[in-house]
Amino acid sequence: PAIVNLREQPRLRPRFFQDLVETDESINRDWHETVDADLHHLLESAIETVTRDLTGLDEDQVSFPSEHLPAWMSALNQARLVLGELHAVTEADLHRTGLDMSRARDKALFEIHLLGYLLQLLVEHDQES
């Protein structure tokens with residue numbers, strides 16, 4: 001969860017709190033005044049839920065209440081977005097193979113894929129329920 005807190009960095013914040021339109025600053029200002037606080041609360045709430053769920057985990061398995069599933073999905077997606085923005089990951093990068101774990105960017109790509117796989121498992125589990 002700690003990586004997600006980086007979303008508040010000025011260069012990452014626009015990825016999470018996007019403008020509504022490209023051409024009108026007054027519309028965007030109104031949009032941000034109306035939406036950003038609630039969106040921030042939702043994003044932060046998801047991270048807090050996951051952090052609580054991770055506290056005191058059994059070493060052999062991860063389990064959490066099913067009502068926490070949306071929070072987990074949000075947190076994993078937030079982490080993927082932060083990693084992607086921090087390392088300027090492109091769509092083409094996501095199709096690369098042969099990653100070198102000694103390179104920070106390749107390690108971030110691996111983490112993005114791993115978090116994506118976990119997200120996929122959660123989505124599939126949710127669909128089965």
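Let's start with α2 and α3. In this predicted model, the two helices pack at an angle of about 105°, and their axes are 8 Å apart. Angles of 65 to 115 degrees count as roughly perpendicular, so α2 and α3 are roughly perpendicular to each other.

Who makes that contact? From α2 we have Leu-43, Ala-46, Ile-47, Thr-49, Val-50, Asp-53 and Leu-54. From α3 come Ala-71, Trp-72, Ser-74, Ala-75 and Gln-78. By type, that gives eight nonpolar residues, three polar and one charged.

Next, the cores. The largest nonpolar core has 16 residues. Which members touch the most others? Leu-76, Leu-83, Leu-115 and Leu-122.

Leave out residues up to four places away in sequence, and Leu-83 touches Ile-3, Val-89, Ala-108, Glu-111, Ile-112 and Leu-115. As a general point, nonpolar side chains tend to be buried together in soluble globular proteins.

Now the charges. The structure holds eight salt bridges. Take Glu-85 and Arg-15, with the closest N and O atoms 3.3 Å apart. This pair links distant parts of the chain: Glu-85 is in helix α3, Arg-15 is in helix α1 (residues 13-16), and 70 residues separate them. Buried or exposed? Both partners are partly exposed: Glu-85 has a relative accessible area of 33%, and Arg-15 has 32%.

Then Arg-105 and Asp-93, which meet in a salt bridge at 2.4 Å, N to O. Arg-105 lies in helix α4 and Asp-93 in the loop between α3 and α4, so the pair ties together parts twelve residues apart in sequence. Arg-105 is partly exposed, at 27% relative accessible area. Asp-93, at 8%, counts as buried, because the cut-off is under 20%.

Asp-106 and Arg-96 form a salt bridge at 2.9 Å, N to O. Asp-106 is in helix α4, Arg-96 is in the loop between α3 and α4, and they are ten residues apart. Asp-106 is buried, with a relative accessible area of 1%. Arg-96 is partly exposed, at 29%.

Last item: a network. Which residues does it link? Salt bridges connect Arg-7, Glu-8, Arg-13, Asp-36 and Glu-44.

Key:
Residues are numbered from 1 along each chain as its sequence is written. This is a predicted model: local features need pLDDT of at least 70, side-chain atom pairs count only at pLDDT 80 or more; totals for chains, interfaces and linings use all residues. Side-chain values use heavy atoms; hydrogens and water are left out. A nonpolar core is a set of buried Ala, Val, Leu, Ile, Met, Phe, Trp, Tyr and Cys residues joined through side-chain atoms within 4.5 Å. Buried means under 20% relative accessible area, exposed over 50%, partly exposed in between (1.4 Å probe, protein chains only). Contact means heavy atoms within 4.5 Å. Axes are lines fitted to C-alpha atoms, for helices over the stretch in contact, and angles run from 0 to 180 degrees between N-to-C directions. Helices (H or I, at least four residues) and strands (E, at least two) are DSSP runs, numbered from the N terminus. Angles under 35 degrees count as roughly parallel, over 145 as roughly antiparallel, 65 to 115 as roughly perpendicular and the rest as oblique. Ala, Val, Leu, Ile, Met, Phe, Trp, Tyr, Cys and Pro count as nonpolar, Asp, Glu, Lys and Arg as charged, and the others, Gly among them, as polar. A salt bridge is a side-chain nitrogen of Lys or Arg within 4 Å of a carboxyl oxygen of Asp or Glu.
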